[in-house]
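Student: I'm new to this one. Could you walk me through a few parts of it?

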Amino acid sequence: MFALSKQRAMKKWMVALLSIVPFLVQAQVKLTGSVKDQKGRILAGANIVVKGSYDGGVSDSTGHFSFKTYEKGKQVVVATNMGNKTMEQEIIIDTTPVINIDFVLKEEISELKAVTVTAGSFEAGDKKKAATVLSSLDVYTTGGANADISAVVKTLPGAQQVGEQEGLFVRGGAGYEAKQFIDGTLVNNPFLASVPDIASRGRFAPALFKGTIFSTGGYSALYGQALSSALIMESIDIPERSEVSASISALFWGAGLQKVAKNKKSSWGGNYGYTNLAAYFGIVKQKPEYFRMPQFHTADLNFRAKTKTGGMIKYYSTFGASDLGLRRSNIDDPALKNAFGLHNTNWYHNLSWRDNLGNGWKMNLGLGYSIDVNKIDQQIQNQQNQKITTGQPWIDNNNFNLNTRSDLSQFKAVFDKRLSGISVIRFGGEYMYFYNRSTYNNFKALLPDHFKALFSEADLYITNDLAAKVGARFEHSSLINKANIAPRLSLAYKTGKGAQMSIAYGEFYQKPENTYLYNTTNFGYSKATHYIANYIKNTTLQTFRIEAFYKKYDGLVKTYPVLNNAGAGDAKGIELFWRDKKTFSGLDYWISYSYLDTKRDFLNYPKELQPTFAANHTASFVMKRFISKINTGFNFTYSYATGRPYYNLQQSGAQYVIADQGKTIDYHNLGFSFNYLTSLGKAYAVIVGSVTNVLNSKQVFGYNYSYNGARKEAITPPAPQFFFLGVFLSWGVDRRQDAINNNL
Amino acid sequence: MKQIIVILTMLFAGQLMAQTKYESGMQKGLEQFAAAKSAEDMAAASAFFERIADAEKDKWLPYYYAAYTNHLTGWMNPKADKDKVAEKSKDLLGKAEALEKNADTYCMRQMIAIQQLTVDGMSRYQTYGAIAAQAIEDAKKADANNPRIYLVEAQYMINVPAAFGGGKAVAKKLVEKSLELYGTYKPASPFHPQWGKDQATQLLAACQ
């Protein structure tokens with residue numbers, strides 16, 4: 001029995017072996033062919049394989065492949081190539097010694113290859129290669145910008161070199177037409193409190209953000225209430241490491257702590273800084289006489305945590321308190337002085353939650369609350385610095401107390417659903433409650449506004465070469481009790497490797513500024529219609545960009561003869577940008593140029609005029625170089641703008657007339673900074689020095705006129721130059737690279 | 001009983017054959033890899049490993065070698081678009097990691113990140129430097145005795161300026177540690193990664 005079964009088993013063994021043998025001795029067959037894409041372009045480097053076997057080959061530079069296989073019978077041949085859809089073909093291998101098989105691979109729409117809709121926007125950050133122009137590091141190493149985000153943005157095309165007030169003046173738009181957003185929600189007071197004829201810095205440290213998109217028009221339906229521009233900032237996620245940091249300079253000192261949990265799933269931290277300009281003003285003479293030295297306290301807190309589903313919850317809060325007082329001579333009577341005192345407190349909170357809901361759904365929630373309180377005390381003083389009243393109303397107008405409070409509570413929800421391929425549909429809404437209160441002398445006024453918006457938008461990738469963004473936004477303000485619907489549309493078409501063209505169209509609405517709403521709420525929205533066309537050529541280390549735009553303004557606020565929306569205007573221009581990190585080894589530079597032709601009839605303008613904040617030609621040249629041998633980086637920025645118009649508008653009978661007008665001298669500013677990396681004791685250190693207006697060029701931003709028009713005075717910076725020298729320290733791990741980022 | 005034996009025998013024979021095929025395939029692939037003189041040769045080796053991997057489906061090693069050889073083409077061809085090469089390497093490595101994550105797959109992550117970092121060091125330091133640092137940390141967690149961890153870290157550190165915490169002295173310490181570990185390191189199989197000792201020896205010379 002046993003012997004028998006053994007024998008039979010042996011037989012089966014033989015059968016099993018025999019069934020393998022032919023496999024081993026059969027003749028090999030040659031497979032040849034070519035691989036192309038749908039447009040007939042050769043695809044080199046595609047992998048062709050007989051499915052389930054190791055037999056295969058790679059297409060060469062002519063797109064051809066050839067390999068041998070021992071497989072037989074019905075087989076599947078697979079061709080794969082990055083960026084293309086995998087293709088399978090069935091063949092029958094028989095006695096034919098050479099089998100030809102050609103592949104035409106469809107293109108796969110992928111985020112990596114697809115065009116991005118770029119009309120009107122400059123993206124800074126590493127998020128999307130195609131649109132990257134400025135990395136976050138650039139914000140810190142731009143000469144003379146002193147790590148102020150807005151100052152760096154001003155070196156990009158589209159923005160004006162306006163130095164007498166804060167804000168981004170984009171493509172013929174006023175400063176208040178540009179809004180800033182952090183993690184999707186609106187920032188009500190992005191700049192430090194306003195001082196007459198001096199531009200304030202931005203409130204937020206650039207190190208907070210991993211990416212900044214500067215949009216000069218045609219932006220997404222997710223953002224509203226900005227006629228000209230949106231500066232969209234995305235805050236960082238969990239930092240890499242824990243750190244303790246400190247900074248010291250003649251102007252300020254500060255300390256900070258950032259703690260990252262061991263599992264890197266959460267982090268928290270805070271910073272405190274104190275700035276006092278007394279010592280600096282003692283050395284560098286200022287034109288205004290400061291009777292209360294500028295002092296700033298800033299503190300911030302943050303908390304960030306990853307969720308289980310790959311999402312992120314972030315909380316960020318910043319507190320700022322500032323105080324200053326300055327005197328200038330009165331323009332109507334040089335024997336008198338204008339004394340301006342300001343105390344500001346600002347508290348900003350931002351809580352955001354983004355998460356994956358599964359099934360291609362994503363969610364972005366934002367909750368924001370901010371308070372801003374200003375106490376302004378404006379007096380006419382005599383030579384003894386005592387408050388006086390002259391009996392002349394145009395002078396006595398300058399004796400006032402103004403207390404304002406503006407609160408903004410907001411909630412925003414955005415949902416994303418991924419459609420086929422990489423197309424996405426996005427929709428959501430926001431609710432904002434603006435509470436503004438002002439007390440002018442003893443006159444109280446209140447402006448509450450329940451503001452609601454709904455929006456929807458789709459990113460449609462038709463092919464890798466053609467993409468569209470289609471959206472619309474609906475808004476309603478309870479304050480003016482009006483609604484609007486704003487359509488937005490942009491298209492991008494890839495014209496070649498790294499080259500693309502985009503066009504964009506959009507309508508943008510904005511409610512009038514509070515200054516006017518305090519007088520009457522009988523207003524409608526101001527409206528801007530944007531038309532943009534651009535061309536971009538990008539390689540990894542070089543970017544070329546040209547953009548043309550036309551912008552039509554309707555419903556601008558008029559203050560004379562009556563307060564209404566009867567104003568209008570337009571702006572057109574061409575902008576160029578070139579950035580190159582390649583040509584000169586180790587040298588990174590960019591050049592931007594903007595041509596702007598704009599006129600508008602608004603406020604008390606008697607007719608359409610070129611506004612005082614618009615220059616016809618603006619250019620910047622930014623250059624930076626880090627020399628490793630001496631551990632030092634050198635950064636230069638040169639900005640130029642042609643003169644801007646100024647007007648003395650005087651009321652004459654029932655109308656305003658131009659009593660005087662002219663153009664300021666051209667604007668030149670050469671900024672320089674260096675950063676030297678070293679160590680001090682156990683601390684890693686960065687020593688930073690910077691100077692603005694190195695060449696001491698005379699800068700005039702406009703003119704102020706006396707009431708009777710007999711005297712005019714140039715508006716100039718409080719000091720021709722600004723100097724800075726400071727040390728930034730960090731302990732524990734080497735954070736010098738980041739220290740430059742945090743504090744430069 | 002007879003049928004069982006037959007089935008068992010068939011199974012055994014079949015498995016024996018498949019294993020041999022895999023082993024000889026890997027052997028051939030590693031020979032092709034060792035003989036590669038140009039980026040094209042290396043790409044062909046990578047494609048071969050990818051074919052083995054796709055046919056086997058459950059083995060991380062061929063994907064690992066496919067990723068590694070593809071990664072090397074980015075250095076061998078000075079004109080290569082490193083971002084594009086890295087995308088492909090990441091794709092292959094991702095498939096390896098889906099089967100097994102270990103110190104060697106993490107080291108590969110680091111190497112790919114560094115390749116992308118070198119495209120534009122100044123502005124990519126933050127993003128890719130962080131990915132690389134994380135990969136090294138994960139690798140050490142997986143197996144702190146893998147000598148390649150300290151080798152790839154040293155290869156990066158020697159190119160980082162001393163002021164940023166890199167330099168020859170830092171690299172030297174890491175290479176020495178790596179070489180010490182190579183002394184006792186035993187790969188799990190003849191096909192498991194065992195490269196790096198020569199590079200470490202060369203790097204040590206460069207650190208002097």
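Predicted model: local features only at pLDDT ≥ 70, side-chain atom pairs only at ≥ 80, totals over all residues.

Student: How do helix 8 of chain B and helix 9 of chain B run, roughly parallel or roughly antiparallel?

Tutor: Start with the angle: helix 8 (residues 168–184) and helix 9 (residues 197–207) of chain B pack at about 150°, their axes 9 Å apart. Angles over 145 degrees count as roughly antiparallel. So helix 8 of chain B is, relative to helix 9 of chain B, roughly antiparallel.

Student: And which hand does the crossing of helix 8 of chain B with helix 9 of chain B have?

Tutor: Among the residues making the contact are Val175(B) and Leu179(B) from helix 8 of chain B, with Ala200(B) and Leu204(B) from helix 9 of chain B. The contact residues split into eight nonpolar, two polar and four charged. As for the hand of this helix 8 and helix 9 crossing in chain B, it's left-handed.

Student: Over in chain A, how many residues lie between strand 29 and strand 30 in their hairpin?

Tutor: Strand 29 (residues 542–558) and strand 30 (residues 564–580) of chain A run antiparallel, joined by 15 bridges. Ala548(A) sits opposite Ile574(A) of strand 30. The number of residues between strand 29 and strand 30 of chain A in the hairpin is five.

Student: Which residue in the turn between strand 30 and strand 31 of chain A has a positive phi?

Tutor: Strand 30 of chain A also pairs with strand 31 (residues 587–601) of chain A, antiparallel over 13 bridges. Ala568(A) faces Asp601(A) of strand 31 there. These two strands of chain A form a hairpin with six residues between them, and the turn residue with a positive phi, about 80°, is Gly586(A).

Note on methods:
Residues numbered from 1 in each chain as written. Chains lettered and ligands numbered in written order. Axes fitted to C-alpha atoms, helices over the stretch in contact; angles between N-to-C directions. Helix = DSSP H or I, 4+ residues; strand = E, 2+ residues; numbered from the N terminus. Parallel < 35°, antiparallel > 145°, perpendicular 65-115°, else oblique. Left-handed = near helix turned anticlockwise from the far one by under 90°. Contact = placed C-beta atoms within 7 Å. Nonpolar A, V, L, I, M, F, W, Y, C, P; charged D, E, K, R; others polar. Pairing = 2+ DSSP bridges.
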